[in-house]
Amino acid sequence: MNPPSKMFHPPRYILASIIAGLGGFLFGLDTGTIGPVTAMPQFEQTFGTLSPTLHGLIVSCILITGALSSFLAGHLADVVGRPLGMATGAVVFGTGAALEAGSVHLAMLFVARLITGAGEGLFLSTTVVYICEIVPAKGRGVVASAPQFFITFALVVGYFFCYGTVNLGSELAWRLPFAFHALCAFVWAGLAVALLPQSPRWLKAKGRLEEVDAAWEVLGVDPRADLDGGEERDVETEAGLNREPLALRQTNTRQSVKEEVHMLLRVFAKDVRKPTALGVFMMSMMQLSGIDGVLYYAPLLFQQAGLVSESSSFLASGLSGVVIFATTIPAILLADRWSRRASVIYGGLALTVIMLVIGSLYASNSVFSDRGAARWVVVAFIFIFTFVYSATWAVTISIYASEVQPIKTRAAASSLGRSGNWIVNWIVAFTTPIFLTKSSSGVYFLFGASCLLTSVVCFLWMPETRGLSLEEIDDIFDKESERSRVSSFVNVVLDRGEK
């Protein structure tokens, strides 16, 4: 009887990772809710009709404070510990969400979303750090994907929650989703403080060595079996998943500002410039694919395509969230089964075709809200877009942008890539409604061109990394740098010979 019973008692580090991963649920919940909420007629009755600029600002402002507070998250988590750091961010997030739910004018809503974003930035990166620090190396790949799993699941919950409240005949239609955010945040904060043990690596970094073994025992991890070879082995195992560099960065945080600046500038050195540029480019361009336009403004896109009723457009938005969620699971599990290069290039070309077809239908005035097949082609292609993106770029680029970085600059380069991702994310979230009012087709052509540019750049400069060790990946770029230096030397010699 004992073996079957173990199936129902997973290791305690998995339970702790699930609880910590719920931070991703809060992030996904806001992403899946804010677009539908601002499209509700009850929201318009409260705040009036928003200009496209105001609409984009209300939706995207959370990303501004989130990006800023994320720089402080590591220091906070170092001082108070990972669980309390996450809980602090959750409380700030919940406070902002409660203020959003109670907003009586637009300025209050704007400030509330800034507060919500500050909390989001505090807990999101710490969530990933904590999971990486407590999970054994062999199982860390799948378990460390828990936040991404909950993000996609929360997108579905957020869309359908709004689908359920949009028919309420009062302001509760848009206030209840924000209130639900606050409730979830405060509950998660309580769970983090009450149930999550301190990270053994954090305890070690703080010099509390007598507590380290007890912490590993609570988590159900044998440190001798998992950690032989030291921290360096963890880096090699996990860097390809864009997780462990964060953990190491937060554990070794007793650095001066001068040292931090030096590490950031180091990513632009000649010997690491190419992987840095490639990683930042890919992390930024994945946001310019148009995915954030779909996530934040799905109801608007579906209404523009002909689903004019709120319930129909919200239902379609919820179904797009289901597609993303259902596709993400196998994409994560199969990430190492197919070519990184083919996934990005062919995935990008497919995204390009989808966006150009939609844009062409609008540009030719073929889409009518009350008749014709073109509107259903647009709706179908939006669903296909979410499927292709989730199956290719969403997982592959996140992995690739980290694993191509040399170990000496991996943390700094990954941080730079995430910053680029957040900045472009804000630009897309802010400008999409403005684009849609100016041109029904232009935004699709822009996203399609971005996908095509990414595919071309990756075709020319993206080496394959699937199945390679990090040392082998480093050798690829080292050999290219060496060939470049030899080529330059030969050219100089030939030039001198001609003279």
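The model is predicted, so local features need pLDDT of at least 70 and side-chain atom pairs count only at pLDDT 80 or more, while totals for chains, interfaces and linings use all residues. Residues are numbered from 1 along each chain as its sequence is written, and side-chain values use heavy atoms, with hydrogens and water left out.

**Overall build**

The chain has 24 helices and zero strands. Both are DSSP runs, numbered from the N terminus: helices are H or I with at least four residues, strands are E with at least two. Of the 499 residues, 52% are buried. Buried means under 20% relative accessible area, exposed means over 50%, and partly exposed lies in between (1.4 Å probe, protein chains only). The accessible surface of the chain is about 21400 Å², and carbon and sulfur atoms hold 67% of that surface. These areas come from the Shrake-Rupley method with a 1.4 Å probe; for residues, only the protein chains shown count as cover. Among contacts with a separation of 6 or more, 84% join residues 24 or more positions apart. Contact means heavy atoms within 4.5 Å.

**Helices α2 and α9**

How do the axes of α2 and α9 cross? Helix α2 spans residues 12-38 and helix α9 spans residues 172-195; their axes come within 10 Å and cross at roughly 170°. Axes are lines fitted to C-alpha atoms, for helices over the stretch in contact, and angles run from 0 to 180 degrees between N-to-C directions. The two helices are therefore roughly antiparallel to each other. That term applies to angles over 145 degrees; under 35 is roughly parallel, 65 to 115 roughly perpendicular, and the rest oblique.

The α2 side of the contact includes Ile-19, Phe-25, Asp-30 and Val-37, and the α9 side includes Trp-174, Phe-178, His-181 and Trp-188. By class, the contact of α2 with α9 has 17 nonpolar, three polar and one charged residues. Here Ala, Val, Leu, Ile, Met, Phe, Trp, Tyr, Cys and Pro count as nonpolar, Asp, Glu, Lys and Arg as charged, and the others, Gly among them, as polar.

**Two cores**

A nonpolar core is a set of buried Ala, Val, Leu, Ile, Met, Phe, Trp, Tyr and Cys residues joined through side-chain atoms within 4.5 Å. The largest has 57 residues; Met-40, Phe-43 and Leu-196 touch the most other members. Helix α2 gives the most to this core, with ten residues. Apart from it lies another core of 50 residues, including Ile-354, Ala-394, Val-424 and Val-428.

Beyond its neighbours within four places in sequence, Leu-196 is in contact with Ala-16, Ile-19, Ala-20, Pro-83, Met-86, Tyr-130 and Leu-191.

**Single residues**

Gln-42 lies in helix α3. Leaving aside residues up to four places away in sequence, Gln-42 touches Val-166, Leu-168, Ser-170, Ala-173 and Trp-174. Thr-46 also lies in helix α3 (residues 41-47). With that sequence limit, Thr-46 touches Glu-171, Trp-174 and Arg-175.

Asn-365 sits in the loop between α19 (340-363) and α20 (374-391). Its phi is near 55°, a positive value in a residue other than glycine. Leu-452 belongs to helix α23 (residues 442-461). Beyond neighbours within four places in sequence, Leu-452 is in contact with Leu-349 and Thr-352.

| Residue | Relative accessible area | Class |
|---|---|---|
| Gln-42 | Gln-42: 6% | buried |
| Leu-452 | Leu-452: 38% | partly exposed |
| Asn-365 | Asn-365: 61% | exposed |

Thr-46 and Val-104 are 58 residues apart in sequence and 7.7 Å apart in space. Leu-452 and Ile-345 are 107 residues apart in sequence and 8.8 Å apart in space.
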